[in-house]
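Student: I am new to this model and would like to learn how to read it. Please take me through some features one at a time.

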Amino acid sequence: MQNLGFALIDPHIHQWDPYHTPHAAALAVKLLGKHPYLLDKMVRLVKSKDLIDTVGLTTHITAPYLPSDYKKDIGHYAVEQVVHIEASWAGHKGKGVIGETEFIESLPFNNETVQLGGIVATADPTNSNFKKILKLHQKASKKLRGIRRMAAVHEDKGIHAWADEPHLYSNKKFLKGFEQLALHHLSFDAWVYSTQIPDVIQLAKQFPETSIVLDHLGTPAGLFGKVGQNTGLTQTARENIFYQWQDYIAELATCPNVYTKMSGLFMPILGHQFHQKKQQASKQEIIDLVAPLITHALDSFGTYRVMFASNFPMDSVSTSLVNIIDAFSDIVNEYDDDALKRVFHHNAKQFYRL
């Protein structure tokens, strides 16, 4: 849809500045920031192949992404407010992660760019100081709404692991710390690969009082093409990834404390090749690829527990944000024209208490 008729809420954007904050590419950009070709070469040399394959390109990672950049990406669409989701604040563990919350609070979110509605910070529930770190986050920003701790680890060793263990959400220390979220009135953003969705199911059942949102519909790696060493190699393999994902999503949706975000569906880790062809997925290509995913999520969760989110700039390697909103809104509108405002506004506002 070219015009939603209302200002949307985007509950999943990332903000960073590798020139002035702890960032995985900070040293590289300081040395070669004025030489894009050499910078790309350096990043590809020093970072693992599985990480490069996951993100697709390096340019969006090594460049600052700030409120004015998001404003450009959103095009003609009106945005009421956004939620920043933690973005791997590099090199800092423990209390060091508070720096990201302070950084986000310092950015020029305003009427000229976009309004900041909430912050989802990171912290490690296995850390003995987890309770104290939550309080420090809350002290740093009144907009703190939740915590994300990524747990995406795939059995295919050629797919980048975003955690140190394959079942972080089952770790006893993690579960002990996780109790603090409900006590501090905070939600949890869960990010796993689709093969790990059962871990989120168990987490949700163990903590029914904690609001949980599954990021990126559970990221079915390899669904659209080969990734890693041997994932998504054949049409049959890709169909099996989809069928397993369908079953897991349907089971997860039976947990009433869980929502999901239709987002991150154009990260290269799903098997997209648009970035290699130097092409952007068109609106119709987006619809053809992800309509079955979004429709199944709506079938499973209903129209009150699915929320649109952009995941920008991470998906920018495959398509534009305007194309994504155009396509996703058409899919939702065709599914249920009464659901559009819930999926693009109300559900995120309710979940994150904006």
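Student: Is D338 exposed or buried?

Tutor: Buried means under 20% relative accessible area, exposed over 50%, and partly exposed in between, with a 1.4 Å probe and protein chains only. D338 has a relative accessible area of 56%, so D338 is exposed. D338 sits in the loop between α12 (321-335) and α13 (340-351). Helices here are DSSP runs of H or I with at least four residues, strands are runs of E with at least two, and both are numbered from the N terminus. D338 and T303 are 35 residues apart in sequence, with their C-alpha atoms 9.1 Å apart.

Student: Where do these values come from?

Tutor: This is a predicted model, in which local features need pLDDT of at least 70 and side-chain atom pairs count only at pLDDT 80 or more, while totals for chains, interfaces and linings use all residues. Residues are numbered from 1 along each chain as its sequence is written, and side-chain values use heavy atoms, with hydrogens and water left out.

Student: At what angle do α12 and α13 cross?

Tutor: Axes are lines fitted to C-alpha atoms, for helices over the stretch in contact, and angles run from 0 to 180 degrees between N-to-C directions. The axes of α12 and α13 cross at roughly 125° and come within 8 Å. Angles under 35 degrees count as roughly parallel, over 145 as roughly antiparallel, 65 to 115 as roughly perpendicular and the rest as oblique. Therefore α12 is oblique to α13.

Student: Which residues of α12 and α13 meet?

Tutor: Contact means heavy atoms within 4.5 Å. From α12 come I325, F328, S329, V332 and N333, and from α13 come L340, V343 and F344. For classes, Ala, Val, Leu, Ile, Met, Phe, Trp, Tyr, Cys and Pro count as nonpolar, Asp, Glu, Lys and Arg as charged, and the others, Gly among them, as polar. The contact of α12 with α13 has six nonpolar, two polar and no charged residues.

Student: How far apart are the axes of α9 and α10?

Tutor: Helix α9 (residues 197-206) and helix α10 (residues 235-252) have axes 10 Å apart, at an angle of about 5°. That makes α9 roughly parallel to α10. I197, P198, V200, I201 and K205 of α9 touch W245, Y248, I249, E251 and L252 of α10. Eight of these residues are nonpolar, none polar and two charged.

Student: Is W89 buried or exposed?

Tutor: W89 has a relative accessible area of 13%, so W89 is buried. W89 lies in the loop between β2 (79-85) and α6 (98-106). Leaving aside neighbours within four places in sequence, W89 is in contact with T21, P22, G96, V97, G99, E100 and F103.

Student: How much space lies in the largest pocket?

Tutor: A pocket is found on a 1 Å grid over the protein atoms alone: an open set of points where a 1.4 Å probe fits, with protein on both sides within 12 Å along at least five of seven lines, and its lining residues have an atom within 4 Å of a point. Grid points are joined across faces, edges and corners, and a volume is the space filled by probe spheres set on the points. The largest pocket holds about 1400 Å³. Its lining has 48 residues, and the closest to its centre are E86, S88, W89, M150 and W162. By class, the lining has 24 nonpolar, 16 polar and eight charged residues.
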